[in-house]
Every structure is written in structure tokens, then in C-alpha cells.
Amino acid sequence: MSTEHPDFQVHKLLSTPMVELRDVVCAGSCRHKSAIERASRTHLVFPYRGTYVRHVDADDAVADASQVLFFNAGEDYQISHPNAGGDASLSMTLDEVLLREIAPAELLAPGEPLRFCQTRLRIDPRAQVLVALLRHSLREGVAEPLEGESLALTLAHRALAPRTTHAAGASQARQRLVDRAKLVLVRDLARRWTLAEVAAEVGVSAVYLTQSFHQVEGVPLYRYQLRLRLARALDLLRDYEDLAALGMELGFSSHSHFTAAFQKMYGRTPSEFRQIALRR
């Protein structure tokens, strides 16, 4: 079932008493802050294509494929799109009793309704794979509800478990700097940026950017860019017969470079992942 709006499309992938999954694709036409919106239920949002910024009071969070965002029930927020090209996310709403059972207590605010204390958490490559498997298998109709529910719960566990997340460990100033650097990288994933070029874009020295990025994200800048490229590959695999062309489009130097990086990150080659996701 699909719902169309002027700026975005919502495709319902799964709806059971336990879990609802929606594929939300936004055109990204609103560069400045949108009108104030509010979620009626708390849901987990996994961006997988493009980027946007979510504004909650004074907290601005850059949404990209490396993290899960928490849209809390009754919480006002606004969205802006600094980069052109639009974005897409997998939105998950779980039964509240079930979500309280899954989420570590330290992540939840006291009281009702269920809300998260943080606006976002970083996720690992395994969680990114689960996002892609859910989307591809449910859209193609090859996964039955039981499988969809099981994969969704596994994704929620993976995204929220302390062993797979990396909480921000820096000042707000450094977080804002890193967010600006992220927007630069996402603007052109295929570009072979130099450290000096990214630093110049955000207005700091290369050394300070390197230190700040590693402190906030826990990985070097180049590895973060690689993860974004590979996450984009997960999204596009079903649309490409020529995987070498996909790798080149995403900035990899060769098909073997793309395949090796993909397999190292996700444990399977691009072609093996496509066969699993599409059952063909």
C-alpha cells in the first residue's frame, strides 16, 4: 500500500499488531526548516539514502545511513534538506510493551508515553544489512509477515543493544562541526575528497577535523565515507545488473575494489547479497 504526498511517498511494507514498517521517500524540496511536525507514536527511523537534518528544539541531527533516529511521541520537530537529491528511510513502529522489553532502560525517559532520551544512535554494518534485507524482501513480496516481524525485531535489538552502538562523546560544538563534514561528504558520495578539501569546506584545519571526527564518530573520516558508499550500494543492488558499473558510480576504483570492500563490511559479495535479498 502506498500513500503519496506532494513532497514524499509512504509505502507500507508490513503492518501487524506487533510491528509496522514503512518505506518513506522524500523529494527533499524543502531546504529550510519545514513546518512543525509531531509524531503520534514513538518510532525508529533508519535513513538509507541521502540525508536530511532533523531539528528538535536546539538539537540538530544529521540523518544518514550510519544511524537510527528516534522520533518520540508528542515531540515537536522540523526537517530541512541542505543537500539536493532527496532522501529515504525505513520507519519502524513497535508495540510499546515490546519496545520497552527490547530497549535498555538507560535509553528511555521516565514516564509515559515511551520516549528515548537521545535523538539518535549510530548503528553497525550488520544493522544496515538488516535494513536493506527488510526493504528488499518485503517490497518484492518474498518475505511473509512472520519473517518480516522476526527481521524487524532483530534489527531493533541490533540497533539498540549497547554492544553495537557508539554514543557521541564530544562537545556540541564538535558534534556540529562533524555534522557539517557529513553533509559535505554526502553531497557527492562518488567524489574522491581530500582531507584538505573537506576541512576547507567546514572552515577548520585538517588536523582539528581529523581529531574531532574520530572523537565524535569513533572512526576516521575516510572509513565513514566508505560506510556511506557501501550503505548506498545496499540500497541500489536490486536496480543494477552490472555491479561493476554500480561500484564505479559510487566512487570505487574498480569492480574488485568494490567487491572486496563490500564483502569485508557485510560478509558477502554484492551478488551474493542480491541473491539472498531477492531470492533469485
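## Around helix H5

Helix H4 (172-187), helix H6 (206-217) and helix H7 (221-236) are among the elements that cover the buried residues of H5. Covering here rests on contact, meaning heavy atoms within 4.5 Å. Helices (H or I, at least four residues) and strands (E, at least two) are DSSP runs, numbered from the N terminus. The model is predicted: local features need pLDDT of at least 70, side-chain atom pairs count only at pLDDT 80 or more, and totals for chains, interfaces and linings use all residues. Residues are numbered from 1 along each chain as its sequence is written, and side-chain values use heavy atoms, with hydrogens and water left out.

Helix H5 spans residues 195-202, and its buried residues are Val198, Ala199 and Val202. These residues sit on the same side of H5 because they cover an arc of only 100° around the axis. That arc is taken from the directions from the helix axis to the C-beta atoms. Ala196 and Ala200 are exposed on the other side of H5. Buried means under 20% relative accessible area, exposed over 50%, and partly exposed in between (1.4 Å probe, protein chains only). Just after H5 comes Gly203, with a positive phi of about 80°.

The UniProt record (unreviewed entry) places the feature "domain: HTH araC/xylS-type" at residues 179-276. UniProt annotations may be inferred rather than shown by experiment. Over residues 179-276 the chain is 72% helix and 0% strand. The end C-alpha atoms of this stretch are 34 Å apart.

Ser256 lies in helix H9 (residues 255-266). Ser256 is exposed, at 54% relative accessible area. From C-alpha to C-alpha, Ser256 and His136 are 24 Å apart in space, and 120 residues apart in sequence.

The structure holds 1 cavity of 30 Å³ or more. The largest cavity has a volume of about 100 Å³. Of its 13 lining residues, Pro47, Tyr48, Gln128, Val131 and Ala231 are the closest to its centre. Strand E5 (43-50), helix H2 (125-139) and H7 each give two or more residues to this lining. H2 gives the most, with 4 residues. The lining divides into 9 nonpolar, 2 polar and 2 charged residues. Ala, Val, Leu, Ile, Met, Phe, Trp, Tyr, Cys and Pro count as nonpolar, Asp, Glu, Lys and Arg as charged, and the others, Gly among them, as polar.

Open space comes next. The largest pocket has about 720 Å³ of space. It is lined by 25 residues, and Phe8, Val24, Glu37, Phe71 and Tyr77 lie nearest its centre. Strand E2 (8-15), strand E3 (19-26), E5, strand E9 (76-80) and strand E10 (87-94) each supply at least two lining residues. This lining divides into 12 nonpolar, 7 polar and 6 charged residues. On a 1 Å grid over the protein atoms alone, a cavity is a set of points where a 1.4 Å probe fits but cannot get out; a pocket is an open set with protein on both sides within 12 Å along at least five of seven lines; lining residues have an atom within 4 Å of a point. Points join across faces, edges and corners, and a volume is the space filled by probe spheres set on them.

Two backbone details remain. Most residues other than glycine have a negative phi, and most peptide bonds are trans. Asp57 has a positive phi, near 55°. Asp57 lies in the loop between strand E6 (52-56) and strand E7 (59-63), and is exposed at 74% relative accessible area. Glu112 and Pro113 are joined by a cis peptide bond, with omega about -10°. Pro113 is in the loop between helix H1 (96-102) and strand E11 (120-122).
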